Amino acid sequence: MDRAEKMKKYRKEMAHADPFRQSSPAPGTGIPAKGLLAAGVIGIVILGLFFFMLYHKKEESDLTYVTQEEFASLMSFLGDGLLQKQPDQEPDSSITYGQLKDAIQAVGLSGTISVNGGVEKLKREVLIDYYTQILDYLDLEESVTRKTILLLEQDKQNCWTQDGKVKCSGDFLHLHPCFTYDVFLANGTLLGVAGKSNQTVAIKGVKINAVADKTLSFTYKKREYEVSCTDTDNLSDGATCTLCIKGGKVTKVKDLKGGKQEAQTEKKTEKQTGTNVSENVRVLLLNKNSVYYDQIYVTCSTKCNVTQKKKKKTYQKSKVVDIKKLKLKKGEYVQLTPAAGSGQLFLADAKGKTISNGYFGRFDIYRDAGGYYIVNQVPVEKYLYSVVASEMPSYFEKEALKAQAVCARSYVYQQMAAGDYQKYHAQIDDSTNYQVYNKSQSCEADVQAVEETAGQVMYAQDAIVTAYYYSSSCGYGSGMEIWNQDSSDYPYLKAKTLDPSGQNRSFDMSKEKDFRSFITSKQKKSYDDASMYYRWNARVELSSRQKELCQTIRERSKISPQNFAFYAVTGNKTKKVSSMDGFGGVKTMSCKKRSKSGAILALTIAFEFGKVEIKSEYNIRSIVGCALEQITYADGSANETARFLPSAYFSIAYEKKSGRYVLSGGGNGHGIGMSQYGADGMAKAGWDYKKILRFYYDGVTIKKLGQQGG
């Protein structure tokens with residue numbers, strides 16, 4: 001919303017606000033006579049506590065109030081300092097209600113944000129609440145961000161955190177090493193602290209220097225630190241690991257390599273080679289984009305056994321299991337298992353009407369502070385029935401479906417070893433974050449493709465490959481460079497042409513002229529040219545979507561900061577900066593660099609006083625996509641609601657007359673690994689599934705899990 005709307009909103013909110021917040025005690029009113037005795041007693045107690053506190057200073061006492069200097073730092077996002085130190089005040093004296101009132105008046109918000117005056121000091125949480133309101137009005141560029149940091153070390157000018165060094169605008173923060181804090185940051189500078197945090201922060205790539213007396217000395221990002229660690233039995237000098245830290249101590253050690261547990265760690269990694277794998281996978285079932293559900297109803301195609309705290313109750317076929325009625329406490333779970341092995345579980349509404357396809361295996365339903373969540377433990381082979389059905393049309397050729405089954409099996413086993421969802425007792429989820437699961441009902445063709453390739457996965461040097469796949473190409477496939485990653489780590493994923501007339505010929509689409517000529521050609525010459533996405537055209541208007549554009553850039557840069565670079569431009573001078581603050585209006589968009597396969601590796605969006613360079617195909621597709629007006633596909637159909645580009649394989653042209661960019665593109669998906677439409681085209685040309693897979697994944701062997709040889 002714009003500033004006028006915000007002002008209107010806040011006036012309405014403040015008119016109905018909690019009177020306790022709006023009427024803080026008015027200091028300076030004196031002590032009633034009847035309170036003198038009590039005041040004297042309190043004074044004696046305080047005097048006694050004074051000496052105790054000298055030697056028993058609590059960590060939170062440092063953050064009870066906000067000093068003048070810290071408040072001035074918090075307000076520095078406006079430029080010139082608004083707070084002037086009072087003649088009788090020191091920089092380390094705490095901010096009072098009266099001083100806050102003066103500051104609010106100075107920035108022109110006194111008619112909107114109401115606060116009583118007085119000389120009483122504000123508690124930090126109260127001041128931060130007011131500060132958040134000030135930001136909502138005055139920080140229209142969102143230059144100030146709130147973030148949780150793990151403080152590793154601090155001096156007068158800098159703090160070292162899990163993300164590296166940040167500047168401090170003053171020597172006013174008295175924080176404790178290896179504690180986590182919620183802080184406010186702007187342009188790489190720590191402005192102030194919202195409060196301490198209960199969040200655990202993990203730091204990866206730690207090298208252990210020494211272990212002694214429950215203290216761990218370690219090196220992280222070329223600096224040495226110390227932290228309390230009560231469980232040091234398995235740690236030793238020279239080992240590397242991930243440390244999870246909160247409250248001044250290590251809460252957990254993960255990914256330990258070297259040292260006393262090296263043998264155990266190596267044994268765990270055998271999961272990736274297929275020599276020690278589970279027959280079941282644990283899938284987190286998402287509620288749209290959320291982990292949690294407010295309420296869950298389940299039915300079963302057979303009788304259903306419900307086990308809670310080792311007590312089992314059997315529900316009849318189709319009887320609704322109402323999870324709320326089971327009265328799970330936080331930290332508890334219930335297990336739902338079909339009484340017959342062929343039974344399936346269904347998500348349902350309160351009346352028992354099913355709202356999902358059937359799930360094999362069992363449901364483990366947990367409750368924590370966020371709500372309920374569901375984990376489906378299911379045999380991998382039955383999991384694959386639904387993945388193949390959800391990821392590839394059942395009318396595709398049989399050999400293409402079999403190739404898809406082997407890809408999906410390889411991918412799930414590789415991802416099971418990663419342990420991404422340990423917090424939720426799961427290994428993967430059911431979305432495109434991994435593989436789409438159970439969104440389409442499986443049919444005989446899907447089941448047959450899985451069963452005829454039972455247990456088969458792809459190996460490269462005795463490790464299961466990361467079998468990425470996507471919908472369709474523009475005629476070329478890519479390696480890992482389009483994700484700004486080192487392709488040498490994935491030697492089986494290479495850029496290649498899908499042209500039937502010369503599938504192994506050398507090519508280079510990195511030249512703008514050559515790629516434009518190829519992508520605008522009407523000639524069909526690819527195994528996946530049957531896809532409606534093989535060619536598409538899009539119209540993009542940047543200026544009318546600047547707000548969405550900038551918001552998407554900020555959101556994506558927080559997720560993958562290594563893929564963004566910001567530059568302030570003044571005349572002929574260009575300076576790298578940390579944000580888009582002051583960039584002004586959007587002007588142009590251009591391709592800075594292409595991959596050998598034609599995908600845009602780096603995109604530049606220029607503004608009046610700056611520019612942003614964006615890497616990684618997903619970032620490019622989402623940022624340009626938010627400014628889409630219309631996209632037209634190869635079959636002539638059009639879409640005016642799309643807000644995400646099908647791929648990063650596109651050329652850019654500007655129409656002066658309309659003020660629009662016209663994108664000529666092709667393909668749907670990231671372009672790494674197997675093209676599903678390409679696999680279908682190859683199967684139509686007589687290729688079997690092994691030949692298809694060996695084309696897309698160079699040098700792999702296809703064999704059953706744990707099988708020796710190729």
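Residues are classed here as buried at under 20% relative accessible area, exposed at over 50% and partly exposed in between, with a 1.4 Å probe and protein chains only. The model is predicted, so that local features need pLDDT of at least 70 and side-chain atom pairs count only at pLDDT 80 or more, while totals for chains, interfaces and linings use all residues. Residues are numbered from 1 along each chain as its sequence is written, and side-chain values use heavy atoms, with hydrogens and water left out.

Most residues other than glycine have a negative phi. Q461, which is not a glycine, has a positive phi of about 55°. Its place is the loop between β22 (456-460) and β23 (463-464), strands being DSSP runs of E of at least two residues and helices runs of H or I of at least four, numbered from the N terminus. With a relative accessible area of 80%, Q461 is exposed. The phi of K327 is likewise positive, near 55°. K327 belongs to the loop between β16 and β17 (333-338) and is exposed, at a relative accessible area of 68%.

Q316 is located in the loop between β15 (311-315) and β16 (321-322). Its relative accessibility of 49% makes Q316 partly exposed. Apart from neighbours within four places in sequence, Q316 is in contact with T302 and K303, contact meaning heavy atoms within 4.5 Å. The C-alpha atoms of Q316 and T302 are 7.2 Å apart, although 14 residues separate the two in sequence.

Helix α9 (residues 380-391) packs against helix α10 (residues 398-416) at an angle of about 125°, and the axes are 9 Å apart. Axes are lines fitted to C-alpha atoms, for helices over the stretch in contact, and angles run from 0 to 180 degrees between N-to-C directions. The two helices are therefore oblique to each other, a class left for angles that are not under 35 degrees (roughly parallel), over 145 (roughly antiparallel) or 65 to 115 (roughly perpendicular). V380, E381, Y383, L384, V387, V388 and E391 of α9 make the contact with L401, Q404, A405, A408, R409, V412, Y413 and M416 of α10.

The structure holds 0 disulfides, a disulfide being a pair of cysteine sulfur atoms within 2.5 Å. For C241, the nearest cysteine sulfur is that of C229, 8.6 Å away. C241 is buried, with a relative accessible area of 3%. The sulfur of C304 is 4.8 Å from that of C300, the closest cysteine sulfur, which is too far for a bond. C304 is also buried, at 3%.
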